Amino acid sequence: MNVQVLIADDHPVVRQGLKQMLSAETDLTVAGEAGNGHEAIELCGRVAWDVAVVDYNMPGRGGVDLVKELRRRYPNRPVLVLSMYPEDQYAVRALKAGASGYLTKESATEELVNAIRKVANGGRFVSAAMGERLAREVAGEGEQPPHQILSDREYQIMWLIASGKTVGEIAEQLFLSPNTISTYRARILQKLDLRNNAELMRYAIHHQLIE
């Protein structure tokens, strides 16, 4: 079986690296590539593919929103999320959105090929550490921190604010208006019982959401 892989990442260098990695495998073929979420959705309807490898953080439609849309349109085809974000903070959200696996870009060199093969055969791919965490969550062990109640978009904006991005920068990255980002910010602070960006940053550091 030859697996047709669709790649979506906004960095051309990353896409080129992934293509080179997959070209060395006789059972994997790159079916096409996209530079953002909207291109990925359009491409998925135009070319034959078996597995989509998508970056979590792309301009416009990305992250769990893109995963949900691809799963809605193609419920029987697996989506593998490749991300620069730490697995322990974003994998659960991606998997709940319908992703078949989550892989950090740090570990892609060693694990991407096996991850694609696994999800193509109907399996799921997460690291051993994430597998243990998911098992604990299913068993109801451990108290959930306040940020777990945030929506996926709220969580994304919270992370960007805590990482030092301004409202204008976040608005440009997510293709939203500054007013919309400010509204999200106010809602996030209210849900986390925080007063300002400085407290939000301290919260994120304390919960190891950022380094």
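Which residues in α2 meet which residues in α3?

A: This is a predicted model, in which local features need pLDDT of at least 70 and side-chain atom pairs count only at pLDDT 80 or more, while totals for chains, interfaces and linings use all residues. Residues are numbered from 1 along each chain as its sequence is written, and side-chain values use heavy atoms, with hydrogens and water left out.

Gly37, Ile41 and Cys44 in α2 meet Leu66, Glu69, Leu70 and Arg73 in α3, where contact means heavy atoms within 4.5 Å. Helices (H or I, at least four residues) and strands (E, at least two) are DSSP runs, numbered from the N terminus. The axes of α2 and α3 come within 11 Å and cross at roughly 10 degrees, which makes α2 roughly parallel to α3. Axes here are lines fitted to C-alpha atoms, for helices over the stretch in contact, and angles run from 0 to 180 degrees between N-to-C directions; angles under 35 degrees count as roughly parallel, over 145 as roughly antiparallel, 65 to 115 as roughly perpendicular and the rest as oblique. An α-helix has 3.6 residues a turn, so residues three or four places apart point the same way.

Rings of Phe, Tyr and Trp (its six-membered ring) pair if their centres lie within 6.5 Å, with planes under 30 degrees apart counted as stacked, over 60 as edge-to-face and the rest as tilted. By this rule there is 1 aromatic pair: the ring centres of Trp49 and Tyr74 are 5.3 Å apart and their planes stand at 80 degrees, so the pair is edge-to-face. Trp49 belongs to the loop between α2 (37-44) and β3 (51-55), and Tyr74 to the loop between α3 (63-73) and β4 (79-83), so that the pair, 25 residues apart, links distant parts of the chain. Both Trp49 and Tyr74 are buried, which is to say under 20% relative accessible area, where over 50% is exposed and values in between are partly exposed (1.4 Å probe, protein chains only). Arg77 lies over the face of Trp49, at 4.8 Å from the ring centre; a charge sits over a ring if NZ of Lys or CZ of Arg is within 6 Å of the ring centre and within 35 degrees of the ring normal.

An open sheet of 5 strands has the order β2-β1-β3-β4-β5, with parallel pairing, two strands being paired if DSSP finds at least two bridges between them. The edges are held by β2 (28-34) and β5 (101-104), each with a single partner strand, so one side of each is left without a neighbour in the sheet. From one strand to the next the twist averages 25 degrees.

Strand β1 (residues 3-8) is joined to β2 by 6 bridges, and within this pairing Val5 stands opposite Val30 in β2. β1 is also joined to β3, by 4 parallel bridges, with Ala8 opposite Val54 in β3. β3 and β4 in turn pair in the parallel sense over 4 bridges, and the bridge partner of Asp55 in β4 is Leu82. In β3, 5 of its 5 residues are buried: Val51, Val53 and Asp55 lie on one side and Ala52 and Val54 on the other, with both faces covered. In a regular strand the side chains alternate between the two faces of the sheet.

Helix α5 (residues 108-120) lies across β1, β2, β3, β4 and β5, and runs at about 170 degrees to β5. In α5, Ala108, Leu112, Val113, Ala115, Ile116 and Val119 are buried, and what covers the buried residues of this helix includes β1, α1 (12-23), β2, β3, β4 and β5. Just after α5, Gly122 takes a positive phi of about 95 degrees.

A few residues further along the chain complete the account. Gln156 is found in helix α7 (residues 152-162) and counts as buried at 9% relative accessibility; leaving aside its neighbours within four places in sequence, Gln156 is in contact with Asn57, Tyr90 and Leu174. Phe175, in the loop between α8 (167-174) and α9 (178-192), has a positive phi of about 60 degrees although it is not a glycine, and Phe175 is exposed, with a relative accessible area of 59%. Asp193, in the loop between α9 and α10 (197-206), has a phi near 60 degrees, a positive value in a residue other than glycine, and Asp193 is exposed with a relative accessible area of 70%.
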